[in-house]
Amino acid sequence: MSDTQQKLREALSHDLNAQVESLLIAGNKITCVLKEHTAPDVRAMIEETLKKAAPFKQVVVLSTQSRPEPANPQPIPQPNPKPQPESSPQPANGINPSGIDRIKHIVAIASGKGGVGKSTVATNLAVTLARSGLKVGLLDADIYGPSIPMMLGVDQRPESPDGKVMIPVQAHGLSTLSIGYMLADKDPVVWRGPMVHSALQQMLGQALWGELDVLLIDMPPGTGDVALTLAQRGRLSGAVIVTTPQNVALADARKGIGMFRKVDVPILGIIENMAFHECPKCATKSHIFGTGGGVIEAKEQSVDFLGALPLQSEVCQQGDMGAPIVLQSESFQGYFEVIATNLRAKIKL
Ligand SMILES: Nc1ncnc2c1ncn2[C@@H]1O[C@H](COP(=O)(O)OP(=O)(O)O)[C@@H](O)[C@H]1O
Ligand SMILES: [Mg+2]
């Protein structure tokens, strides 16, 4: 037991302690899972005591009384998942042990095409939002090519207090989950459709996300089955489309926009990545892939333009080292702050 755990256990009376199934401290967050059938007033007392005992930490108290269904002991997908209801399986009563019901906004970061910088944008935007004081989560839904673990420098399996639910991994001030956390290095992912869906359902529905202002989902590329399922079932506030200025990327971005519109998910805006290159010596901007493609596309599609990002070799280097570029470069901090401000205005956050 760690010192903090001991201190918290001591702060709780004997009776309250008896109701605590597990107490986990990860970074700045204390997650307390209660035993089944813990009375609401006892739950409130435990929460209050923990908050008083650790005033600088975020306290999440979860009761297990309304766990929706028995879960798999391993956070690895099973080939034959139970059919899921169309909408979120969690009742919105705020006392579920896991799931997304206490997340204010879920925003998909999507593109029609791979390699345009979705994961880079999702990671740095999440860090920027967290630095502005919001509680932020990042879910890597790119099951076939998860890159969030590398971009955040995380090499850690999510812990599970009861062998059923997962605790998101804390990194750079974010709560994060990725299928990459659960795979041995370089394992090729060759799952069939139902297994992929099951993995995503687990990461959304059976993870202890707790209370978040916003959860960003790094979507798989394209408009395939997985993207469509998430768009339909993920309770999305909206989608942000990442594109580069080339015509091929713009054409694919259009397809992405079309898919979200078909399932009534609002498009919150377009981000143009690799929009230009700034010479490090003379600060001259060159538009390698053409000029203003994202702005024009946004206008044509009647969606907002959230901001542009330059093509800069440090982005790639830092991404590979697990150090998001906004933590290294003031100019990228500025670019991402513009995007974050525009996004917050769109979702009124
Ligand atoms: N603005 C940028 N400048 C330089 N390299 C970038 C930029 N954005 C992304 N990259 C690099 O391009 C590659 C693809 O980006 P990634 O975010 O993985 O795209 P996606 O998730 O859309 O497949 C990565 O190696 C990343 O580091
Ligand atoms: Mg990616």
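This is a predicted model: local features need pLDDT of at least 70, side-chain atom pairs count only at pLDDT 80 or more; totals for chains, interfaces and linings use all residues.

A: Residues are numbered from 1 along each chain as its sequence is written, while chains are lettered from A and ligands numbered from 1 in the order in which they are written.

The eight strands follow the order S6-S7-S5-S8-S4-S9-S10-S13, with mixed pairing; helices (H or I, at least four residues) and strands (E, at least two) are DSSP runs numbered from the N terminus, and two strands pair if DSSP finds at least two bridges between them. Strand S6 (169-171) and strand S13 (305-308) each have a single partner strand and stand at the edges, so one side of each lacks a neighbour in the sheet. On average, neighbouring strands are turned by 25° against each other, direction ignored, where axes are lines fitted to C-alpha atoms, for helices over the stretch in contact, and angles run from 0 to 180 degrees between N-to-C directions.

At the S13 edge, strand S10 (residues 267-272) runs parallel to S13 and is joined to S13 by three bridges, with Ile-271 standing opposite Gly-307 of S13. Helix H9 (residues 293-300) packs on the sheet, where H9 touches strand S9 (238-243), S10 and S13 and makes about 160° with the direction of S10; contact here requires C-beta atoms, placed from the backbone, within 7 Å. Helix H11 (residues 330-347) also packs on the sheet, touching strand S4 (103-110), S9, S10 and S13, and the direction of H11 makes about 170° with that of S13.

Conventions: Two residues are in contact if their C-beta atoms, placed from the backbone, lie within 7 Å.
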